[in-house]
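Have the viewer open and follow along.

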Amino acid sequence: MSAAPSFPALPPPPLLIHQAELIATFDADRRELRGASVLIRGEAIEAIWPAGEVPPEVMDEVRARGECVDARGHVVTPGLINTHHHMYQTLTRVIPAAQDAELFGWLKTLYPIWAGLTPEMVKVSTQVAMAELLLSGCTTTSDHHYIFPDGVRLDDQIEAAAEVGMRFHAARGSMSVGESAGGLPPDHLVEDEAAILKDTQRLIETYHDAGRYSRLRVVAAPCSPFSVSRELMRDSADLARSLGTRLHTHLAENDHDLAYSRAKFGMTPTEYAESVGWLGPDVWHAHCVRLDAHGIARFAATGTGVAHCPCSNMRLASGIAPVRRMLDAGVPVGLGVDGSASNDAGHLLNEARQALLLARVGRAMQPPETGTDGVTRYGCDLGPAEMTARDALAIATRGGAQVLGRDDTGHLAPGMAADLVLWRLDSLAMAGGAVHDPLAALLLCASPQAAWNIVGGQVLVREGQLTTLDLGPLVERHDRLARTLAERSGTRG
């Protein structure tokens, strides 16, 4: 009996983003192309053509077996990248007792509430947070989960995220030093350090995918210097490096954080981090509001990354991170929305807007300087160009990719992951602005929602609607769980 004839497999169906008003590639040359088109095939970008140059045979194939998205009237950007989050905190937004607190008081108010988290709450809050991120243009996100009561496991979050479709860096957080040992969290919320390390290893070995276009990576992430021991920091670093993954924690978030480090360790936060092996190109720290000149220099020299969280830093009155000085020194910087109870939102494009505005007001607040010409100049005399709209978008895209250690996303070019977002320009909020500079209008006008969000060639937001989640029932379930969580602790909404 003769074998059946074999035929070469057809390539994946093409997806063409056609004739965009503007494609901002954020590639090495920062090309901005008007009327251009992007061809996606499978997980990756196959080609980008200038206006009018899509080959006829490609158009024929798209018509026959693909999809063509009419991108006229849209700006196309790389997908935004969120480098720091606490997704479970969507359940405790706007808790009255925590609304006006700074970091340490805020944590002490919320720890007792978070002690009531359940696996269902973690799953639902993860999907709510990811829905918000997708609709704000995010295609890759990390999350730092460090509280594990009532049978909660990081697996709960990983399973929930898989249903959504985003690229996900799941950070296995932990707390091991409670109040009785001089830490900040209550004793009943801390874990045994051997158990933390064992579970972190299990998660990395079970789920971590280091391959190109990976949708899931796992990170070792002890919570903070005021909630874990030196030994856990060192051992976590050794474990992560032996398994080829990355490291993440909080550092130098506010003045109290700085004072704790000096009192407890006799060091600045940077000196402490270096002493336990937490500087390097495989490490990124959240906040770094109080990073001093020495810290910036060490971060730059070692390639250590920073997750800049402007809204949270303002909300908790932590201060203004020296982002311009970090960037000028060569520190990798990305954006993070941080916890949804310290923001209290997860709109990543708006985070880029706030990064832009905060950098400018921060410059105006600098003390006056007398130049060599004898003239005293104030910050506001130097102009507002501490950061431009394109700088902020670069941090939100290329910067985030660098911080997360990814060379497959963050800008648009053939061979890169097909992670891109389309933004409509014909809204009321964009009127006038889109006419003059459609890219800058994304940040200088009111922050829009994404019209299309594509991750690895998969459309997750189509014409403003999520495709993998039914948002109405999800939000209803989430809010019911939020009430239950508050009631468990005796907190009144």
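His287 sits in strand 14, where strands are DSSP runs of E with at least two residues, helices are runs of H or I with at least four, and both are numbered from the N terminus. This is a predicted model, so to speak of local features we need pLDDT of at least 70, side-chain atom pairs count only at pLDDT 80 or more, and totals for chains, interfaces and linings use all residues. Residues are numbered from 1 along each chain as its sequence is written, and side-chain values use heavy atoms, with hydrogens and water left out.

Back to His287: its phi is near 85 degrees, a positive value in a residue other than glycine. His287 is also buried, at 0% relative accessible area; buried means under 20%, exposed over 50%, and partly exposed in between, using a 1.4 Å probe and protein chains only.

You'll find Ala252 in the loop between strand 13 (247–251) and helix 7, buried with a relative accessible area of 0%. Then there's the peptide bond from Asn343 to Asp344, which is cis, with omega near -5 degrees. Asp344 belongs to the loop between strand 17 (338–339) and helix 12 (348–364). For context, most residues other than glycine have a negative phi, and most peptide bonds are trans.

Now for the charges. Searching the whole structure turns up 33 salt bridges, each a side-chain nitrogen of Lys or Arg within 4 Å of a carboxyl oxygen of Asp or Glu.

Take Asp255 and Arg290, whose closest N and O atoms are 2.8 Å apart in a salt bridge. Asp255 is in helix 7 (residues 255–265) and Arg290 in the loop between strand 14 (283–287) and helix 9 (293–302), so this pair ties together parts 35 residues apart in sequence. Asp255 is partly exposed at 47%, and Arg290 is partly exposed too, at 29%.

Lys108 and Glu179 form another salt bridge, with 3.0 Å between the closest N and O atoms. Here helix 2 (residues 103–114) supplies Lys108, while Glu179 comes from the loop between strand 11 (167–174) and helix 5 (193–207), so the parts tied together are 71 residues apart in sequence.

Finally, Arg153 and Asp155 meet in a salt bridge at 3.7 Å, N to O. Arg153 is partly exposed at 41%, whereas Asp155 is buried at 2%. Both belong to a salt-bridge network that also links Arg172, Glu191, Asp199 and Arg202.
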